Amino acid sequence: MEILMCFVCGFLFMVSVYLLLSKSLLRIIIGTALLSHGAHLLILTMGGLKKGAAPLLGEHAASYVDPLPQALILTAIVISFGVTSFLLVLAYRSYQELGTDNLDHMRGREGHE
Amino acid sequence: MSNPLVMLPLLVPLLTAVLLIFFSRKVVLQRWISAGASLITLILSILLAADVHANGIQIEEIGGWKAPFGIVFVADMYASLLLVTSNLVCFAAVLYSFHTVGRDREVFFYHSGVHFLIAGITGAFLTGDIFNLFVFFEVLLMASYLLIVLGGTKIQLRESIKYIVINVVASALFVITVAYLYAITGTLNMADLSQKLSENGQSGLLTVIAILLLVVFGIKGAIFPFYFWLPGSYEAPPAAVTALFGALLTKVGVYSITRVYTLIFIHDKGVTHEVLAWLAALTILFGVIGSLSYWDVKKIVIYNIVTAIGVILFGVAAATPAALEGSIYYLLHDIVIKGTLFLLAGSIAAVAGTSQIKQMGGLIKSHPALAWMFFIAALSLAGIPPFSGFIGKLKIVQGGFEAGHYGMALVVLLSSLFILQSMMRIFIRAFWGEEKPAPQKGVIKPVLFPAALLLAVSVLYGLGTEFAAPFITQAAEVLNDPTIYIDAVLKE
């Protein structure tokens, strides 16, 4: 199971790196979203995927899954959610101001503006 | 043994930032609260350093949970000294921003952003948990995203997109590295990690993780192959913000590298510390090339950040007691002097109406105080003996020779020469020669005061090395011998 998940994460990383290297800003943002999906799945995988009850004491199970990675992922999800929404608004604003979403046209030269 | 004083330098800026959100329209009140809170935080961090000096490492267990299970905040001397200097720079930058940032930015939560930034930095220095370090990184990065784009000029929008995308990627890499580290060791507490590694040895996988962490912190701290984002992004925001960024943000990355490479990954130095030494030497080289190749005041100072990071990390990589002590001396000096230089560079650009030094000239006649302050700051940066940059570099070079890195230690020595050349080029071009018609920008006296404060501290730090020595020695002790840190946190 872990092996399969590692391949899935690797595929997500591959796609996101490809998107991050493209020219359109929106594709880059989609790339960052896929990157954070990959990272979150990787935390879950690395915490171990052995069988057990959901980490609720009311389940009265013999064994539970590891609760720590789930807390880490929850934290990482909200953080990347905040950053992504900031980035999306920034992309919208810079499209309005700069009139382009092509990173090739956003190069800095001395004495710019 | 919990000590509430450990948390106060974190809580005060956090509460201030929340409080300031309610008074966004009342700019004068905001300034009073902001400056007052920075001063209080500075005093609290000095008290914390004095406490650590008297009673050894202070820890605070959040919620009363024992160390490897709960989150623990650890104030050793290294972190406390960094807190004192970074709060000093923050106080000066807040004072400087009163006259330079402008009402437009201040009503849109500028001061809140500054205090969230300093809260994130404080948390990153004090935390004893890797994932908590990630969270505080995000706190300071989110605040820096706000500060870098606030104002919304074209250059700011363009550069902040690049800055944010780079940092999002670095953060994802940090999360991935934390996942690997957790899978292998099963813990995220730094002291516990260090203990587990010393018991079970550092396998090849852990060395890979050490290099991954070097990449993550290297992107934050702008070391050689990963510094490409820094020159553009730090040029965009106003001078007060650049001073905060240049003095503090990259230093958090440097602090994290130092922490993990002196506390956790110390069992395979042939690989990890060798890589770090090479990257540090290349960082110095590329920083020097950058600072010599520009004719722009801001760009020259920005590339000098890169050089200084290389020098500090070379001290960490050499890892002899002298070199570690030297890197602490140099780190503290560099935080203060980079704050000073960015404030002065902002003032120079303001009085000359441009940041291109080819278009300046003769400013010493109209602004003698600014000129002499810049001259002293430039000498300190290069490491001329009575000033503050000397002792750190001396010890780093000494440690480099002891560790057998002769060539790289020579690179550190030669870099001083080129740093001096790049700074003197600004001084000669901008202050000497024919007076060029400079647009009058009103009085600059109130703007000079914060820079003078930082410069005075830097000069005192250089002259009073004997006074600072016991503190630095205590800080270096923990870096030399991680068992002190482990015993303080896990208490066996």
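Let me start with charge in chain B: the mean positions of its 27 positive and 25 negative charges lie 16 Å apart, where Lys and Arg count as positive and Asp and Glu as negative, with His and the chain ends not counted, and where each charge is placed at NZ of Lys, CZ of Arg, CG of Asp or CD of Glu.

Please keep in mind that this is a predicted model, in which local features need pLDDT of at least 70 and side-chain atom pairs count only at pLDDT 80 or more, while totals for chains, interfaces and linings use all residues. Residues are numbered from 1 along each chain as its sequence is written, chains are lettered from A and ligands numbered from 1 in the order in which they are written, and side-chain values use heavy atoms, with hydrogens and water left out.

Staying with chain B as a whole, there are 21 helices and 2 strands, these being DSSP runs numbered from the N terminus, with helices as H or I of at least four residues and strands as E of at least two. Among contacts in chain B with a separation of 6 or more, 81% come from residues 24 or more positions apart, a contact being heavy atoms within 4.5 Å.

Now to one element, helix 19 of chain B, residues 445–463: its end C-alpha atoms are 26 Å apart, which agrees with the 27 Å that 19 residues should span at 1.5 Å a residue, the expected span being 1.5 Å times one less than the number of residues. The buried residues of helix 19 include P450(B), S458(B) and Y461(B), and the buried residues of this helix pack against helix 3, helix 14, helix 16 and helix 20 of chain B. In helix 16 we find S380(B), which counts as buried because its relative accessibility is 0%, and S380(B) touches S458(B) as well as H333(B), I337(B), F387(B), S388(B) and G389(B), leaving aside residues up to four places away in sequence.

Turning to backbone angles, most residues other than glycine have a negative phi. A319(B) has a positive phi, near 60°, and is not a glycine; A319(B) sits in the loop between helix 13 and helix 14 of chain B and, at 21% relative accessibility, counts as partly exposed.

In chain A, helix 2, residues 25–46, reaches 31 Å from its first C-alpha to its last, close to the 32 Å expected for its 22 residues, and helix 2 is followed by G48(A), whose phi is positive, near 100°. The loop between helix 2 and helix 3 of chain A holds H60(A), which has a positive phi of about 50° although it is not a glycine, and H60(A) is exposed, with a relative accessible area of 70%.

Y64(A) lies in the loop between helix 2 and helix 3 of chain A and counts as partly exposed at 31% relative accessibility.

Notes: Buried < 20%, exposed > 50% of the residue type's maximum accessible area, 1.4 Å probe, protein only.
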